Structures are given as C-alpha cells and as structure tokens.
Amino acid sequence: MSRFTEGLNPEQARAVSTLDGPLLILAGAGSGKTRVLTRRVGALLDERDLRPWNILAVTFTNKAAGEMRERVERLVGEAARQVWIGTFHAVCARILRQSIEPLGWRRDFVVYDDDDQLRVIKTIYQESDLRISPKDYPPAQLRSRIDRAKNGMIPPAEVVAPRSDPMPEVYRRYELRLKAANALDFNDLIGKVVELLEAHPTVAERWQRQFKYVLVDEYQDTNIGQYRMVKALVQEHQNLAVVGDDDQSIYSFRGADIRNILDFEKDFPAATVVRLERNYRSTQNILRAASGLVRHNLARKEKTLWTESEVGEPLRLLTAADDNHEAELVRAEIDRLLVTRRPADIAIIYRTNAQSRPFEQAMADAGIPYVLVGGRKFYARQEIRDVLAYLRLAMNPTDDVALLRVVNTPARGIGDKTVEGLFVEAREAGVPVLEAIRARVGIGGGRTDKLAGFLAVIDRIAELCGTVNLGTLVQAACNDTGYRAMWVAEDTDEARGRLENLDALVAAAAAVVPTQSPVEDLQAFLDQSALAGQADELPDEGRGAVTMLTAHLAKGLEFPVVFVVGLCEKTFPHARSERDSEIAEERRLAYVALTRARDLLFLSYPRMKRSPEGWSQPALPSRFLAEIPAEAFGRASAPPRRPPSAPTPPPSWGGSARAAQRPWAPRAPAPAPPRAPRPGRTLVPESMEVFQAGTEVYHPTLGSGTISRRDGIPSNPKLTIHFHDHGPRTVFALTAGLEVLL
DNA sequence: CAGGAAGCCATTTTT
DNA sequence: TGGCTTCCTG
C-alpha cells in the first residue's frame with residue numbers, strides 16, 4: 001500500500017486505503033482531495049483483482065475528468081486510459097450508446113443542448129391548437145421549468161401547475177418531440193440511465209457487474225437522478241467512495257440536493273467517514289475568513305479546517321465609488337503585484353458574467369494580459385452549431401431541430417411559410433420533416449426544386465458520413481453545403497471571424513484519431529461538442545494572463561492571489577436569492593470564492609451600482625463582508641457593518657468631491673483614460689484587418705508600438721504588441737481602446 | 001421570400 | 001449590453 005499512501009497525512013492515507021464498502025470523504029477546500037482520489041484509483045488497480053474498466057470515477061466537469069485521468073496515468077501508466085473517468089453526462093452517454101435500446105431509443109441518438117431545447121419549445125408554441133404567446137410564457141423560462149422538473153425526475157403528468165398554465169402540455173409534447181427525433185437532452189442522459197438501472201434488471205446487472213468500484217467527486221452537487229443512478233449501480237457490492245464538501249454545494253439551481261451528502265451515512269449505514277480537514281492551500285488569515293463566513297450557515301457538517309501554513313497577510317478590503325472605480329483599484333493593486341508576481345498568479349472572481357466588463361476594460365487599458373473564462377462557448381457559437389447541425393441531420397434524418405437550423409442556412413429560398421407547412425405535413429403524417437420534404441419532392445410540381453436542392457445537399461453529406469474521415473467530413477459540411485461560401489460572401493470582419501472558427505472546427509475534427517468506424521467517430525465528436533462545458537475552456541496554467549471568472553467556474557481551482565469583487569448586496573448575494581436557503585447557497589458560493597486564494601486575498605465592493613442605462617443607485621456592502629471575522633483583516637473591528645442607514649449620496653454624487661470628506665472613502669476615481677482618438681489616429685475598432693503584424697498602434701498608457709502577433713478567438717482577439725518603451729504586452733483587441741495609426 | 005432597420009426587453013450561477 | 005422580434009422594403 002505504501003506506494004499510494006506515501007507522503008499523505010493519516011486521514012488522506014485512510015481515505016486511500018479503505019478500498020471496500022461505502023466511504024464518505026468530507027474534503028474541505030484545499031485538503032488535497034484530487035490527490036486522494038487519484039491515489040485511490042491507483043491503489044484499487046494495484047490491490048484488487050480488477051480490470052481498469054471495472055472502475056468508474058465520475059466528476060462534474062470534463063476539465064476535472066481530464067485532470068484526473070492525467071494524474072492517474074502518471075501514477076499507473078497505460079491502464080489509466082481504460083478506467084471509466086468522465087462527467088456524469090459523458091459517462092451516461094457512453095452507457096446509453098450501448099444499452100439504450102430497451103427504452104425505445106436507437107443507439108445513435110443525438111444529444112440536445114439548451115439551444116436545441118429552446119427550438120423545440122418554440123416550434124411547440126406555434127402548433128395551431130396551442131398558439132402560445134412567447135410574451136406570456138418566455139420560452140427560456142419554460143425551458144428551465146421543464147429542466148427543473150426533469151432534474152427532479154418528475155414526468156409531465158405529475159407536474160403541479162394551474163389549469164391555465166401551458167407548461168405541462170408543452171412539457172408533454174416536448175418529450176414526444178425528442179423521442180420522435182431520437183434525441184436526449186442533458187437530463188435524459190442521467191434519467192434514462194436511471195430508468196435502465198431501475199426497471200431493466202438484465203441491463204442493470206451488466207453495468208453493476210462491470211463497475212465493481214465507483215468513485216464520485218463533488219458529491220454535494222449531485223441531483224436526485226445522479227443519486228439514484230449511483231445508488232442503483234452499487235447496490236450489490238456497495239463499493240462506493242464519494243468525495244465532497246457540503247460547504248461547497250453551489251448548484252442547487254441545477255437540481256443539486258445537498259441532502260445527498262448530508263444523508264450519506266443514513267443511505268449507507270456501513271459507511272466509513274473520513275474527514276480531510278487539513279488545508280494545504282491557504283494562509284491562516286484566508287482560512288479564518290472563509291471559515292468564519294461559512295459558519296453562518298446552519299445546516300452543515302461542522303468541520304474545522306486547519307493549516308500549518310503561516311498567518312499570512314491580512315485580507316485587504318477595497319471600497320470603490322462605483323464599478324469602474326472598483327476595477328481601477330483592482331488594476332492598481334495588480335500593477336503593484338506584477339513587480340513580483342506573474343499575471344497567471346492572479347484571479348478576479350465575480351458573481352455574474354455581466355460584471356466582467358469594467359475589469360476587462362481596466363486590464364486592457366493598462367496592457368495587463370487577461371483571459372476571460374466563460375462567456376459564449378466555442379461549441380455554442382452559431383457557425384459551429386450550424387455546421388454540426390448538417391452533420392446531425394445527415395446522420396440522423398429524424399433530427400427536426402437540426403433540420404430547422406440548416407434548411408435555409410445559407411438562404412436557399414425556403415422561407416418560414418414553406419417550413420411551417422412542412423412541419424404541419426410531417427406532424428400529420430407522423431414522420432420526420434426530412435421525410436415530408438422527400439415526399440413532396442417525390443410528388444414534384446409546384447416549387448419543389450429548392451427543396452430538392454436541399455435534399456441533395458443532405459444526401460451528399462449522409463453519403464460521406466460512413467466513408468470518409470472526420471476532418472474531410474466536417475470540411476464537406478462547411479463547403480459542399482454552401483455554408484462557408486455564405487460567410488465568404490458577407491465579407492465583413494465578423495464573417496471572417498466566423499470563418500476562422502469554422503477552420504478551427506475542421507482542424508479539431510481532423511485531429512481526431514480515427515477508429516474503424518467513421519460513424520462512431522462522428523458520434524463521439526458530436527457528443528463531445530454537446531457536452532463540452534465552460535469550465536473546460538479554463539486556461540491551462542502558464543498562459544501568462546490574469547484569469548477572470550465567475551465563482552462557479554472557479555470551483556476546484558486555486559490562485560496565489562485572488563480578488564473577489566462586487567461584494568455588495570443584490571449582487572453577492574444575488575438579488576434573486578432571498579430565502580434563507582438561497583442566501584445560504586450564496587454564502588457557500590462566497591466561501592468557494594474566498595478559498596481559491598493561496599497567499600493574498602482582496603475583497604472589493606462598489607458603493608454605487610449602475611443599472612443598464614448608467615443610472616446609478618447606492619449599493620450596500622455585502623452582508624458577507626460583515627460576517628468575515630475582523631481579525632482576518634488584521635484589525636479588531638469588523639469591516640463595514642450592515643449599514644446604519646442606507647447611504648444616500650446626492651444625485652450629483654460624482655465620487656471625488658464626496659470622497660475627500662470621508663477619510664475611509666475611496667480615493668477619487670482615476671481620471672478616465674483619454675478615449676477620444678488623437679488627430680491622425682483612429683480608435684480601434686471592430687475592424688479586424690488592421691490587426692496585422694507590423695501595424696503601428698498607440699496605447700493611452702503604454703505609448704506606441706508595433707503589433708507582433710495576433711491570436712485568440714476571433715470574437716475576442718489578442719494582440720501581442722511590442723511597445724517601444726515597455727516591450728511586448730498582450731492586449732485584448734476589442735476592449736483595448738487602442739489607437740491605431742493608419 | 002430575404003434582408004435590413006428600428007424598436008423592445010430583460011439581465012445568475014452551467015453540465 | 002446586445003439579443004431578439006417586428007416591421008418594412010426590394
């Protein structure tokens with residue numbers, strides 16, 4: 001056993017070496033749980049008579065899965081590749097690809113993501129006997145209600161809703177549509193596996209026999225379906241190890257049920273419980289702050305994180321006039337830090353994606369390289385999804401959603417009216433829309449030439465599906481469909497960006513190592529694109545940039561220096577979290593954010609919040625600030641108590657005048673950098689073509705320089721610029737406020 | 001039928 | 001902020 005427990009503390013060693021039976025590992029933040037998990041997999045392979053595929057290790061993000069696989073591989077070599085390591089969704093997709101047939105789906109099912117779901121719902125709205133107005137029932141809202149129901153494994157018939165509420169009916173039809181299209185949404189991936197395991201004994205037995213040992217990471221984030229799946233899988237052998245931290249449960253909006261972890265010992269009375277309470281990540285001050293904060297939650301497993309690391313620097317609190325000023329303060333601190341630290345050591349963490357703007361702006365203005373994690377995912381981009389839709393339709397002629405997407409993209413003269421008619425025909429005949437098109441073309445006459453043209457395109461791609469390799473196939477889906485030509489013809493910078501994305505997609509496809517079956521390659525490629533998440537785009541370390549992300553995306557990561565920004569009421573905790581249970585979750589989220597920090601932790605909040613049109617209103621400091629023990633800030637009294645009375649700055653409040661009167665108030669916001677272009681220079685631009693190497697540029701603070709390199713995703717391009725006085729810097733083009741000499 | 005222009009609206013977190 | 005729908009024109 002020694003090889004796997006070497007260098008571990010006693011609790012960690014116990015978690016690694018308790019191989020059989022149920023095991024609950026309560027792993028506090030920074031307690032080395034990934035290490036424990038990987039060692040455990042290694043130990044299992046070594047100590048038990050197992051094949052690699054007898055082990056199932058489930059994570060929540062592909063990134064985490066990839067990391068675990070890598071580390072296991074380093075530990076045990078080759079065998080690691082055959083261990084089942086993946087996200088719940090990826091693992092379920094894999095299981096269903098082999099076993100879904102008893103449920104009436106074909107094994108070549110497609111995965112619908114939320115955008116596909118929305119399209120299904122919108123077509124249902126239009127059905128003549130319903131005619132639901134999107135105004136009365138926003139499709140997105142209905143989608144999330146359906147999701148919530150499915151998360152809780154509630155079928156349409158059991159949804160409780162007022163008589164006038166169309167949700168149950170839309171939900172019912174939605175399920176039928178997916179079935180007809182041989183499609184599964186994210187929740188189905190889990191739900192169908194549960195159905196198989198619970199209602200189809202022979203299938204269940206097959207998988208129970210395969211997965212002799214099961215590990216689940218982030219167990220506090222499992223929902224009902226995932227819980228039932230795990231339970232069904234291990235019911236015989238009970239070799240289940242779960243790792244989690246109830247204090248880091250932050251996904252209840254996605255159906256995560258914290259009771260899964262709180263009740264583990266009831267579910268598995270024989271469970272061994274190991275607590276990993278020693279923190280290897282943060283300084284005492286950071287830990288004290290985070291623990292003090294989360295202690296305000298009532299229903300939690302009491303635990304005491306401790307560390308042998310030094311006391312460390314006190315937390316720093318930055319009080320800003322408004323969000324721009326806040327970004328300015330953060331920027332100033334970062335500038336100071338960069339003397340001794342690399343940009344990659346620093347993270348800015350906020351509650352919502354929308355908060356990133358001012359910080360992006362500030363970083364860009366100062367020429368500090370940054371990466372923004374999240375935002376629009378690569379695979380969620382329109383052009384990517386369009387091309388994938390061609391492939392989906394070619395492979396699966398029943399995929400009406402894919403058809404809807406591409407039937408008139410590029411424009412083929414098949415308009416809304418025609419398409420609507422086709423959907424009606426298809427529904428009446430009970431066939432897929434592609435079939436309806438085929439029928440109409442067969443009859444001929446009228447204006448069926450356009451439809452015939454579309455059919456020919458699809459048939460051509462379908463023909464290629466089984467024969468050529470993936471790269472060629474994706475290339476064909478771009479070119480032979482006229483899709484690429486559409487963007488070429490547009491001849492705008494945006495279009496050029498999209499073309500680059502298409503190239504990137506083709507390159508990604510070409511990089512796939514082919515198996516014997518081209519169809520399976522395609523399937524895997526499509527699955528992967530549907531299941532790829534935002535967290536998977538996290539920059540690998542060493543990218544040399546400040547990382548900006550939401551607290552949710554930050555989970556599982558650590559940085560030497562962390563700024564948690566926007567700590568004011570209605571933002572963090574978020575305005576939509578009002579009930580106690582919701583506040584508790586926000587608090588856990590704040591806890592997650594704080595515990596990402598290793599050495600230095602900055603907290604900041606603006607005293608004014610702006611609404612979309614720039615209307616400012618006073619903001620109160622987050623209650624969480626007051627809940628952090630004062631000593632963590634290196635002083636006896638707590639930071640901003642809950643406001644004695646709401647701060648009521650006069651309407652003319654501009655920041656600087658007021659600030660001078662109150663010693664604790666923010667310094668005046670730095671004067672805005674000059675935004676007006678100087679004579680002879682043009683402020684950039686959305687225009688891409690000026691970003692060519694060699695272009696002379698001017699930057700407000702760094703002076704002039706020459707573009708030496710350009711990369712990054714086209715919608716958010718990065719420029720490496722050699723500034724004459726400051727050397728090379730990476731700048732983000734769209735927000736840089738660069739002045740380019742033309 | 002397609003594409004552009006103008007108005008409208010809401011806006012958490014994500015596999 | 002932009003992402004969407006709606007309206008209008010060719």
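I began with the lining of the second largest pocket and sorted its residues by type: 16 are nonpolar, nine polar and nine charged. I note that the model is predicted.

Next I looked up the volume. The second largest pocket comes to about 1,200 Å³. I then listed what sits closest to its centre. Of the 34 lining residues, those are Ala-90, Arg-94, Ala-524, Asp-527 and Gln-528.

Which elements each supply at least two residues of this lining? I found helix H4 (62-76), strand S3 (84-87), helix H5 (88-99) and helix H25 (518-531). H25 gives the most, with eight residues.

**Glu-558**

I moved on to Glu-558. I placed this residue in the loop that runs between helix H26 (551-554) and strand S13 (559-564).

Is Glu-558 buried, exposed or partly exposed? I read a relative accessible area of 34%. Buried would need under 20% and exposed over 50%, so I logged Glu-558 as partly exposed.

I checked its contacts, leaving aside neighbours within four places in sequence. Glu-558 touches Arg-281, Arg-596 and Arg-598. I then looked at polar contacts between side chains. The side chain of Glu-558 pairs with that of Arg-281 at 2.8 Å. Another polar contact joins the side chains of Glu-558 and Arg-598, at 2.5 Å.

Last, I took a C-alpha distance. Glu-558 and Leu-601 are 43 residues apart along the chain, and their C-alpha atoms are separated by 12 Å.

Conventions: Residues are numbered from 1 along each chain as its sequence is written. Chains are lettered from A and ligands numbered from 1 in the order in which they are written. This is a predicted model: local features need pLDDT of at least 70, side-chain atom pairs count only at pLDDT 80 or more; totals for chains, interfaces and linings use all residues. Side-chain values use heavy atoms; hydrogens and water are left out. Helices (H or I, at least four residues) and strands (E, at least two) are DSSP runs, numbered from the N terminus. Buried means under 20% relative accessible area, exposed over 50%, partly exposed in between (1.4 Å probe, protein chains only). Contact means heavy atoms within 4.5 Å. A polar contact is a pair of N or O atoms within 3.5 Å; within protein, one must be able to donate a hydrogen and the other to accept it, and residues adjacent in sequence count only if both atoms are side-chain atoms. On a 1 Å grid over the protein atoms alone, a cavity is a set of points where a 1.4 Å probe fits but cannot get out, and a pocket is an open set with protein on both sides within 12 Å along at least five of seven lines; lining residues have an atom within 4 Å of a point. Grid points are joined across faces, edges and corners, and a volume is the space filled by probe spheres set on the points. Ala, Val, Leu, Ile, Met, Phe, Trp, Tyr, Cys and Pro count as nonpolar, Asp, Glu, Lys and Arg as charged, and the others, Gly among them, as polar.
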